[in-house]
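Please walk through this protein model with me, one region at a time. Keep the sequence and the structure in view as you read.

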Amino acid sequence: MKMSFGFFREAMLRGIQYILGMFMFDMPPLLTIRNYIISLLFHSGKGLSLGNSCIFLCPHYEEVTDHLLLLGEDISFNRNVEIDYSGGVIIGNNVWISQNVLIETHEHLISKAPKSQWVIKRSQLVIEDEAWIGANAIILESVNRIGKGAIVAAGAVVIKDVPDMAIVGGVPAKYIGTRDKANG
């Protein structure tokens with residue numbers, strides 16, 4: 001592994017997140033400190049709420065020049081959320097991400113070559129305003145967009161884009177219905 005600024009930056013970010021993710025930071029006013037520091041590190045708007053043991057990471061300690069994580073306003077992350085932002089992740093306003101959610105923006109293209117030579121494919125993910133990702137959901141690298149107001153049901157494994165206001169669930173996730181716009 002080539003040592004670089006990206007390696008040290010990623011190691012520092014993970015260390016800070018590990019410390020802030022400890023259960024003791026769930027207590028006020030330490031919770032406010034956690035949310036404030038994470039919002040500074042990851043370009044968050046106001047109103048960030050972050051549960052314990054959440055981590056945002058760029059796997060393989062890559063240079064971070066093309067990779068980004070942008071967080072809108074009033075986003076709520078429950079506990080044990082892991083977001084790989086190596087392909088780039090943009091999360092809109094008023095998004096809820098429930099506990100134990102895993103979001104991947106890279107995959108390894110499997111070949112006969114040794115694993116160290118496998119090509120890594122990345123893609124950007126945009127989670128639009130008002131979306132809700134249910135508990136234990138997994139969003140894979142093949143997904144580029146979770147639409148405005150969309151709901152990903154608990155336990156779903158999402159492998160393709162989710163349209164605006166759609167409700168998806170299952171393994172793999174399939175269209176279940178649409179949010180009732182009349183009830184808000």
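In which strand is the place of L125? L125 sits in strand 11, residues 125-127. A word on the source before going further: this is a predicted model, in which local features need pLDDT of at least 70 and side-chain atom pairs count only at pLDDT 80 or more, while totals for chains, interfaces and linings use all residues. Residues are numbered from 1 along each chain as its sequence is written, and side-chain values use heavy atoms, with hydrogens and water left out.

Strands here are DSSP runs of E of at least two residues, and helices are runs of H or I of at least four, both numbered from the N terminus. L125 is buried, at 1% relative accessibility. Buried means under 20% relative accessible area, exposed means over 50%, and partly exposed lies in between, with a 1.4 Å probe and protein chains only. Contact means heavy atoms within 4.5 Å. Neighbours within four places in sequence aside, L125 is in contact with G88, V89, I90, I103, T105, I139, V143, N144, R145 and I146. Take T105: 20 residues separate T105 and L125 in sequence, yet their C-alpha atoms are 6.9 Å apart.

Strands of a sheet pair through backbone hydrogen bonds, either parallel or antiparallel. By the rule used here, two strands pair if DSSP finds at least two bridges between them. Three bridges link strand 6 (residues 89-91) with strand 11 in the parallel sense. I90 has V126 of strand 11 as its bridge partner.

Strand 17 (residues 166-169) runs antiparallel to strand 18, joined by four bridges. Across this pair, A166 stands opposite T178, and V168 stands opposite Y175. Four residues lie between the two strands of this hairpin, where G170 takes a positive phi near 105 degrees.

Next, the helices. R34 is in helix 2 (residues 30-41). Is R34 buried or exposed? R34 is buried, because its relative accessible area is 1%. Beyond neighbours within four places in sequence, R34 is in contact with L20, G21, M22, F25, D26, L50, G51 and N52.

M22 also belongs to a nonpolar surface patch, with Y18, I19, M24 and M27. Together they have about 510 Å² of accessible area. Areas come from the Shrake-Rupley method with a 1.4 Å probe, and for residues only the protein chains shown count as cover. Patch residues have over 30% relative accessible area and no salt bridge; nonpolar side chains (Val, Leu, Ile, Met, Phe, Trp, Tyr) are joined within 5 Å, like charges within 9 Å. A salt bridge is a side-chain nitrogen of Lys or Arg within 4 Å of a carboxyl oxygen of Asp or Glu. I19 lies in helix 1 (residues 5-20) and is partly exposed, at 45%.

Last, the cysteines. How many disulfides does the structure hold? The count is zero, where a disulfide is a pair of cysteine sulfur atoms within 2.5 Å. The sulfur of C54 has its closest cysteine sulfur in C58, 18 Å away, so the two are too far apart for a bond. C54 is buried at 5% relative accessibility, and C58 is buried at 0%.
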